[in-house]
Amino acid sequence: MSEVTKISPAPEEAARIEEAPKTRPRRWPRLSMVGALAVVLALLPLGISGSYYMHVLILAFMYVVIASSWRAISISGQFNIAIGAFMGIGAYATAIPSVWLHWSPWVTIPLGAVAATIVGAALAFPFARLRTIYYAMGTLFLGYVVINLITAGGKTTGMSTGLGGVQPLFSDRTYYYYLTFGLMIVSMLCMYRFEFSRIGVRMKAVAQSHEVAASVGIGERRNRILAVAFGSFFAGLMGAVYCHYQGVASPSSYGLGATLWIIMYILVGGINSFWGPAIGVGILLIIPEFFFRDLKGDLPYVTAAMLLIIAFTMPEGIAGLVKLVRGRIFDRGRREEVRADASGD
Amino acid sequence: MLLETRALTKRFGGLRAVNDFDICVAEGEIVGLIGPNGAGKSTVFNLITGVLPVTSGTITFQGKDITRRQPEQVAALGIGRTFQLNPLFHEFTVLENVTSSFQLHPYSSLFDIFFNTPKYRRNEAFIREKAYEILELVGLSKEADELAKNLAHGHQKMLGVARALATKPTLLLLDEPLAGMNPSEIQHSLDTIRGMRDNGITVLIVEHNMQILSLCDRVVVISFGEKICEGSPAEVRANSEVISAYFGADYVC
């Protein structure tokens, strides 16, 4: 039989093409959801004060910011595998003056964030010539170099065992909870403005085609450096807070392993969504620590399996699924939302 | 002269893609740069816009030397361009392609953008309005909310023009605007280009479709990286060297 198989286009395919409503989308459902979650998190310490759960949430708040800062860098098309190193620069820039000079943490933490920004921007300059896998591999080794330099610092950095005796900010964990919670909200607001304004449009333009972007006056190098500087500020800030919270700066917290987990949060949560990193942290950090602590050793396997399932069934990550469901409920097109966000008001 | 190149040369290894090439464009003109495939036309564009570094020679625009400028600096000076291939931000909608191309006029500083100042909001409102006007002009206002990658080829080309117009160019470089278009689209494109000139934009067109000749005030013919002829469309049409370049030396007799 030499019958030719006919592939006819599905008629419903055409019908499924979005019929865009011309009105502006209503944003209160999402805002009220975020607001409700914020209120719950703000009141939670009343119930779990001093417990292990509070420790987990403090870590989660920090990782939400760090993962989101990675995503802020990625929207300009840069897959930076050195985010852990930026955290590390922030951590050691606060730990060293704190331990050896006894400076106040309230001075050294901002110093850590600024140091990470400056180093990030300076290192971004040569790397702005690299793209795709070359950029990823280049930054991966950059991360190694930074960690190796830190461990080679002798007594000043405490070598591979880390630098202990970093002054704590507070004696009560509840204060850390509110500090990290507040920093998370402010950081997320900054990153929201970064992405859904003309700055984000420039970043996304550079990611899609640097040639076309240049032809309308969007410089690739300048914007890519800006993205890295912006992202490393928040990574450095949280690296610094983390180090004061733990009381120690240890190189293992900022190595490749840390970076890979951060990227995993984002991939599982959804790399194309602003809330993806937060969702990923919720699923891979909060849920296992809250409910499956006995199985912690198996987390890498579960995560790998989860990533496969997500890749096959929901290419936009969990956030994509949320978006789909919400789209059904509130009956509005994704594109309208994106457009309204991009218009910046 | 608005744009002038002197002894412009570009070598790729041993190959002289552009050799000792002079072209000048006066304000308000439509100049055609034609030649067979591989003659070096697009290379000339990429040299002018700073995409490729120049081997030797100079380029001046409005009296300023722009030989070693970066592409985004050239755009900021008022040279807009379209691309032969891959001319768009594919993941943006048609409207976003145009609004995102408004980077220079009006200009919002990073501070204004980040803190959402009244100035920024005014600029963005103005940009949206202007973007719709430009889409109207190139005949894409109905497709404003489509994703750019879903557009038909001819429409993508027109969107490339719309994007270039958003930079408010003094000089517009069009790289094969007619390639791959059907006859009615070609007619529409020719009308649009003429309309742009009437709005005070100087146009330099690279094309190998000879229909472009009807539009041009002056035509420069390039073959194997060298200028072989320059003149009015009628003169160029009659020139035997041009005919031999297009059809082979045997054709002329």
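**Exercise 1. Determine the strand order and pairing sense of the open four-strand sheet in chain B.**

Step 1. The open sheet runs E2-E1-E4-E5 (chain B), with antiparallel pairing. Strands here are DSSP runs (E, at least two residues; helices are H or I, at least four), numbered from the N terminus. Two strands pair if DSSP finds at least two bridges between them.

Step 2. Look at the edges. Strand E2 (15-25) and strand E5 (64-65) of chain B each have a single partner strand, so one side of each is left without a neighbour in the sheet.

Step 3. Take one pair. Strand E1 (residues 3-12) of chain B and E2(B) pair in the antiparallel sense over seven bridges. B:Lys10 has B:Val18 in E2(B) as its bridge partner.

**Exercise 2. State how far the model can be trusted.**

Step 1. This is a predicted model: local features need pLDDT of at least 70, side-chain atom pairs count only at pLDDT 80 or more, and totals for chains, interfaces and linings use all residues. Residues are numbered from 1 along each chain as its sequence is written, while chains are lettered from A and ligands numbered from 1 in the order in which they are written.

Step 2. Read the scores. The model has ipTM 0.85 and pTM 0.82.

Step 3. Turn to chain B. Its mean pLDDT (the predictor's confidence in each residue, from 0 to 100) is 85, and 96% of its residues reach 70 or more.

**Exercise 3. Describe the largest nonpolar core.**

Step 1. A nonpolar core is a set of buried Ala, Val, Leu, Ile, Met, Phe, Trp, Tyr and Cys residues joined through C-beta atoms within 7 Å. Buried means 20 or more other C-beta atoms within 10 Å of the residue's own; exposed means 12 or fewer, partly exposed in between, with C-beta atoms placed from the backbone.

Step 2. The core has 158 residues. Those with the most contacts inside it include A:Tyr63, A:Met238 and B:Leu33. Helix H11 (residues 220-246) of chain A gives the largest share, 15 residues.

Step 3. Domain 1 (12-78 + 169-253) and domain 2 (90-168) of chain B both contribute, so the core lies between them. The bounds come from an automatic or database domain assignment.

**Exercise 4. Characterise the side of chain A that touches chain B.**

Step 1. The contact (C-beta atoms, placed from the backbone, within 7 Å) takes 23 residues from chain A and 34 residues from chain B.

Step 2. H9(A) gives the largest share of chain A's side, five residues.

Methods. Contact = placed C-beta atoms within 7 Å. Nonpolar A, V, L, I, M, F, W, Y, C, P; charged D, E, K, R; others polar.
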